[in-house]
Amino acid sequence: TMLPLLLLLLPAAHGTAQLRFKPTLTQDLEWVTTASTFVLDQPRCVFQNYSNAVIWLVVALAKDISAFNNSSRPGTNETAFQKFPDPVRVYMTLNVTLGSYPCPKSPGEITVLRVGSETSCAQDDSRPTCNGPLPGPGPYRVKFLALEGSVPVAETAWSDPIMLRTGTVARPAPHTAHTLRGDGGAGMIAITTILSILFAILLAGLVAMLVFWGSDSCGGSSTFSKPESVTVRRYNTHHVYDQPAARL
């Protein structure tokens, strides 16, 4: 009769495994942070030894991480998003099984989590695990926690502090800017140069045609036909020269 109880207490006796993985902002997207969301890399190949666990994302303000107890139960008033950050200091969301984080990821596959993307449940108290918009700029810190039933079996380290945007002009992530300056930037420069050359050739052709047409029109207006010569016959009046001179 004691064996089931001992098996139930065994994970607690061993404690929660502390994994060396630290959640980080993704480097695969441009919009890594907004005024109410941020994007994390998925914890691939982190919880592969806990196939029966449900993996949760734990979110807290950086100053309140010490308030989190990994024995807290998700989906309760004590961990509800709708009451974050006061009186709830830490909420739990984005629960998935290990199958959602397969290992390894396929080459070229973007594997991310956008924290704060659900607006429909932000005020819905019946959805305490809502992944709702974050209420301020932070800074926030997050960790992943694996639960088997209600028993914590493994957890990652806390992330570094994450700040959200505060009305500033959005900029591409550093890796994106680097990509644009690299192959993509070189391609755009080459295309722009080719188009500029073609435009210059076309413009030169149009100018040449206009000059040709203008010179042809001026030459036609300056050409005159030589008028035909007109022959005027001279007639003598007979009554003047045919009569003999009067004699005195």
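Predicted model: local features only at pLDDT ≥ 70, side-chain atom pairs only at ≥ 80, totals over all residues.
**Entry 1: Cys121**

I started with Cys121, which sits in the loop between β5 and β6 (140-148). For these labels I used DSSP runs numbered from the N terminus, with helices as H or I of at least four residues and strands as E of at least two. Cys121 is buried, with a relative accessible area of 1%. My scale calls a residue buried under 20% relative accessible area, exposed over 50% and partly exposed in between, with a 1.4 Å probe and protein chains only. I also checked Asn131: its C-alpha is 7.9 Å from that of Cys121, and the two are 10 residues apart in sequence.

**Entry 2: ground rules**

Residues are numbered from 1 along each chain as its sequence is written, and side-chain values use heavy atoms, with hydrogens and water left out.

**Entry 3: the whole chain**

I read the protein chain as 4 helices and 7 strands. Along the sequence the pattern is α-β-β-β-β-β-β-β-α-α-α. The protein chain has 248 residues, and 29% of them count as buried.

**Entry 4: salt bridges**

How many salt bridges does the structure hold? I found 6, taking a salt bridge as a side-chain nitrogen of Lys or Arg within 4 Å of a carboxyl oxygen of Asp or Glu.

I looked at Asp160 and Lys22, whose side chains meet in a salt bridge at 3.2 Å, N to O. Asp160 lies in the loop between β7 (151-155) and α2 (174-181) and Lys22 in the loop between β1 (17-18) and β2 (38-41), so the pair ties together parts that are 138 residues apart in sequence. Both ends are partly exposed: Asp160 has a relative accessible area of 45%, and Lys22 comes to 37%.

Next came Arg44 and Glu109, with a salt bridge of 3.6 Å, N to O. This pair also links distant parts of the chain, 65 residues apart: Arg44 is in the loop between β2 and β3 (54-61), and Glu109 is in the loop between β4 (90-97) and β5 (112-115). Here Arg44 counts as buried at 14% relative accessibility, whereas Glu109 is partly exposed at 32%.

Then I turned to Asp64 and Lys63, which meet at 3.3 Å, N to O. Asp64 is buried, at 6%, but Lys63 is exposed, at 64%. Shared partners join Lys63, Asp64 and Arg89 into one network of salt bridges.

**Entry 5: the cavity**

I searched the whole structure and got 1 cavity of 30 Å³ or more. On a 1 Å grid over the protein atoms alone, a cavity is a set of points where a 1.4 Å probe fits but cannot get out, and lining residues have an atom within 4 Å of a point.

Which residues line the largest cavity? I listed Pro43, Cys45, Val46, Phe47, Gln48, Ile55, Leu98, Tyr101 and Cys103. By class that makes 8 nonpolar, 1 polar and no charged residues. My classes take Ala, Val, Leu, Ile, Met, Phe, Trp, Tyr, Cys and Pro as nonpolar, Asp, Glu, Lys and Arg as charged, and the others, Gly among them, as polar.

**Entry 6: a nonpolar patch**

Last, I noted a nonpolar surface patch of about 590 Å², made by Ile191, Ile194, Leu195, Ile197, Leu198 and Ile201. Patch residues have over 30% relative accessible area and no salt bridge, and nonpolar side chains (Val, Leu, Ile, Met, Phe, Trp, Tyr) are joined within 5 Å. The areas come from the Shrake-Rupley method with a 1.4 Å probe. I placed Leu198 in helix α3 (residues 183-221).

Methods:
1 Å grid on protein atoms, 1.4 Å probe; cavity = no way out; pocket = protein on both sides within 12 Å on 5 of 7 lines; lining within 4 Å. Points joined across faces, edges and corners; volume = space filled by probe spheres on them. Patch = residues over 30% accessible without salt bridge, like charges linked within 9 Å, V, L, I, M, F, W, Y side chains within 5 Å.
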